Each structure stands twice: as C-alpha cells, then as structure tokens.
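Subject: Structure handover

Hi,

Here is the structure I promised to pass on to you. Could you have it open while you read the notes below?

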Amino acid sequence: MGRTTSGKLRDILGLIKDKASQSKAALLSNPTTLSFHLSLLRATTHDPFSPPLHKHLSTILSFGHSSRATASSAIEALMDRLQTTRDSSVALKCLFIVHLVLVRGDFILQDQLSVYPSTGGRNYLKLSNFRDNSSPLSWELSSWVRWYAQYIETLLSTSRVLGFFLSSPSYSSEKDKQEEKITALMDKELLEEVVSLVGLMEEICKRPDPLHVEGNKLVEDIMGFACEDHFSAINEVSVRVSEFRERLGGLSFGESVELVCALTRLENCKGRLYELSDRKRSVMESFWCLIGEIKEGVGTEKDGGKLMIRVRSEKTGESARYGERVLRSGDSVRFSSGRFPFHVPESMESYQTQ
C-alpha cells in the first residue's frame with residue numbers, strides 16, 4: 001500500500017531534520033568524538049522502517065577501544081539523543097544501539113552505560129510515558145519504545161545481579177566457567193539469580209503485538225536481539241535450576257516456596273516464549289521438561305487457604321505419588337537425579353567493530 005500524502009510529508013521533514021542535525025554536529029562537535037556523533041545521527045534517522053546500517057553501528061562500537069573519557073562522552077551523547085527526541089523512530093533506534101552496546105560492545109562502553117546515570121533505579125531511561133502521536137504508525141511504535149526501554153532496564157538489572165551482560169562477549173568467554181561459579185553460590189544468591197532471570201523472561205513476553213508493525217525491519221531486528229537474550233536466559237536458568245536439583249535436600253521451607261513460585265511464573269510465560277523459538281522447539285521442550293521435573297519434585301498445593309509443599313516419598317515399596325508430609329519452616333526436600341544436559345543454539349551473527 002502506498003504512503004499517504006501526510007506520511008510522505010513527514011518523511012521529507014524527517015530527512016530535513018536529519019541533514020540539519022548532521023550539519024550542526026559537523027560544525028560544533030569535538031573533533032575527538034565527531035565520527036561518533038555523525039555515526040550516531042546517521043544511525044538514528046527519522047525513517048520508521050529502516051534499522052541502523054551496520055557501518056554506522058560498527059563505528060559506534062569502535063569507541064569501546066578509546067579512552068574512558070571519550071567513551072563516557074560517547075555514551076552521554078547517545079543518552080542525550082534518546083532522552084531529548086520526541087520521535088518514536090529515533091527513540092527506538094537509540095534503544096537498539098543501547099542494547100547493541102550491552103550485547104556486542106567492549107567493556108569500557110558497557111561500564112559507562114551501566115553507571116549512567118549514577119542514581120540508576122526504576123525508569124532509568126525515563127521513557128515510561130513516551131508518546132508520539134504524529135501519525136498512526138508513530139503511535140504504534142511508541143508502545144514499542146515504552147516496552148523496549150523497560151526491557152533494557154530489566155536487562156541491566158539482571159546483569160547487575162548475575163555480574164555479567166547476557167549475550168555479550170564477556171558472557172561468551174566466561175560461559176564455560178559459569179557452572180563452577182554457580183556451585184559456589186549460596187542458596188539465597190542462586191535463588192536471587194533465578195528470580196531475576198525469570199523477571200527478564202517475563203519482560204520479553206510483555207512485548208507489543210508485532211502484527212500491527214508486520215514487515216517493519218527495525219522491529220524485526222529489535223526482536224532478533226531479544227530472542228538472543230531469550231536463549232541466553234534459558235541457558236542460565238537451566239544451569240541454575242539443575243544446580244538446585246542437587247541442593248533441594250538442603251533448602252529451607254521459604255526457599256522451597258520461592259523457587260516453586262519463580263518456576264510457576266516462568267511456566268506462565270510458556271506460550272509467549274514458544275512464539276520466539278518456533279524453530280528451536282526441541283530445545284524448548286528440553287527446557288520445559290527440566291522445569292516440570294523440578295516442580296514435580298517439589299509439589300505445592302493449598303489446604304484451607306494455606307500453602308503447603310509436599311515431596312515424593314523415598315521409602316521402599318511406596319508409590320511415586322507425593323508423600324503426605326507437609327513441610328514446615330526448617331524442613332527440607334530431596335530430589336536425587338543427575339544434572340540435566342542443555343545446549344543453547346548458536347547466536348545470531350555478531351556486529352563487528354572496525
């Protein structure tokens with residue numbers, strides 16, 4: 001379907017704004033960060049359909065090899081562009097670059113981003129009320145801006161809990177060492193990580209309906225990164241839940257309840273998570289099998305409005321049904337089994353720095 005007259009006019013105005021911004025940057029920017037500013041502006045145009053070009057993204061990522069002061073100025077310019085724009089296309093592309101830095105950037109850029117601003121906290125990106133009503137498409141993309149900002153905030157929060165950025169180069173290089181580190185965690189710390197990862201996967205499921213922006217390459221690329229995070233999160237959850245299988249005999253009543261509640265929240269996301277992994281159904285089936293196995297080992301039910309946890313009886317001659325013992329504070333559960341093998345599919349092609 002052809003663009004309307006108002007849509008074409010908006011495109012022309014967007015082009016004019018883009019050219020004006022680039023000319024201004026060429027005149028006023030510090031020579032040290034001029035290439036960054038120009039690449040940033042060229043990567044965050046007002047075109048609502050086209051994602052940033054790889055050559056501009058590569059230039060932006062190359063500032064991860066610069067000094068800390070230069071990297072700090074670069075991140076400040078990116079965040080200023082994000083928080084001053086009222087255009088949904090520009091905001092989405094800025095968020096895409098923020099996400100790119102988290103999963104493809106060098107440590108120095110990630111470090112500057114993770115401490116900006118120093119106060120942090122909820123609504124870190126200050127986009128929960130973002131609205132662009134200049135066109136029906138802009139209005140629709142505004143919902144994606146709000147969701148994507150909240151998702152990135154959750155990703156940052158989860159990364160702080162885990163101590164690394166999901167899907168990042170540091171994550172890939174340290175992945176083989178993660179299991180050893182996980183076995184050294186206290187039960188409370190391990191549970192905190194599981195709960196945080198579940199929260200991230202819940203946030204992925206809150207994405208707007210893509211049907212209204214079907215065929216939009218920018219949205220498709222955004223979801224490509226989210227899918228990669230999704231599989232990384234699945235891997236991290238599976239490793240930690242497998243570790244819990246070895247520890248169930250020592251969990252307190254409160255920890256057992258919290259673990260089951262977290263896994264129940266995760267199972268509530270099952271339908272929407274399947275939508276992200278249609279071509280990896282065997283991987284997902286293995287994952288949900290693991291989650292169900294652990295929940296089966298620690299059963300929950302309500303009796304007179306009170307939450308109870310029941311465990312499988314291990315006495316000789318008894319059936320595989322849950323025993324009738326009700327756990328109270330200080331009681332523990334047991335579930336003997338080997339570790340669950342799990343493999344993550346290859347990630348999408350990485351952006352390369354120049």
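First, the ground rules. This is a predicted model, in which local features need pLDDT of at least 70 and side-chain atom pairs count only at pLDDT 80 or more, while totals for chains, interfaces and linings use all residues. Residues are numbered from 1 along each chain as its sequence is written, and side-chain values use heavy atoms, with hydrogens and water left out.

**Overall**

The protein has 13 helices and 2 strands; these are DSSP runs numbered from the N terminus, helices being H or I with at least four residues and strands E with at least two. Of its 354 residues, 51% count as buried (buried is under 20% relative accessible area, exposed is over 50%, and partly exposed is in between, with a 1.4 Å probe and protein chains only). Taking contacts between residues at least 6 apart in sequence, 76% join residues at least 24 apart, where contact means heavy atoms within 4.5 Å.

**Helix pairs**

Two packed helices are described by the angle between their axes and the distance between the axes. Axes here are lines fitted to C-alpha atoms, for helices over the stretch in contact, and angles run from 0 to 180 degrees between N-to-C directions.

Let me start with α10 (residues 217-247) and α13 (residues 281-297), whose axes come within 10 Å and cross at roughly 30 degrees. The two are therefore roughly parallel (under 35 degrees; over 145 is roughly antiparallel, 65 to 115 roughly perpendicular and the rest oblique). Their crossing is left-handed, meaning that the near helix is turned anticlockwise from the far one by less than a right angle; clockwise would be right-handed. Among the residues in the contact are Phe231 and Ile234 of α10, and Phe287 and Leu290 of α13. By class, the contact has 9 nonpolar, 3 polar and 2 charged residues (nonpolar: Ala, Val, Leu, Ile, Met, Phe, Trp, Tyr, Cys and Pro; charged: Asp, Glu, Lys and Arg; polar: the others, Gly among them).

Next come α9 (residues 187-205) and α11 (residues 253-267), packed at about 20 degrees with axes 9 Å apart. That angle makes α9 roughly parallel to α11, and the crossing is left-handed. Residues that meet here include Asp187, Lys188 and Leu191 in α9, and Glu255, Glu258 and Leu259 in α11. The contact divides into 8 nonpolar, 1 polar and 6 charged residues.

Finally, α5 (residues 88-104) and α6 pack at about 125 degrees, with axes 8 Å apart, which makes α5 oblique to α6. Val98, Val101, Leu102 and Val103 of α5 make the contact with Leu109, Gln110 and Leu113 of α6. It has 6 nonpolar residues, 1 polar and no charged ones.

Gln110 sits in α6 (residues 107-114) and is buried, because its relative accessible area is 3%. Leaving aside residues up to four places away in sequence, Gln110 touches Val101, Leu102, Val103, Gly105, Phe165, Ser168 and Pro169.

Pro169 belongs to α8 (residues 169-183) and counts as partly exposed, because its relative accessibility is 44%.

Best wishes
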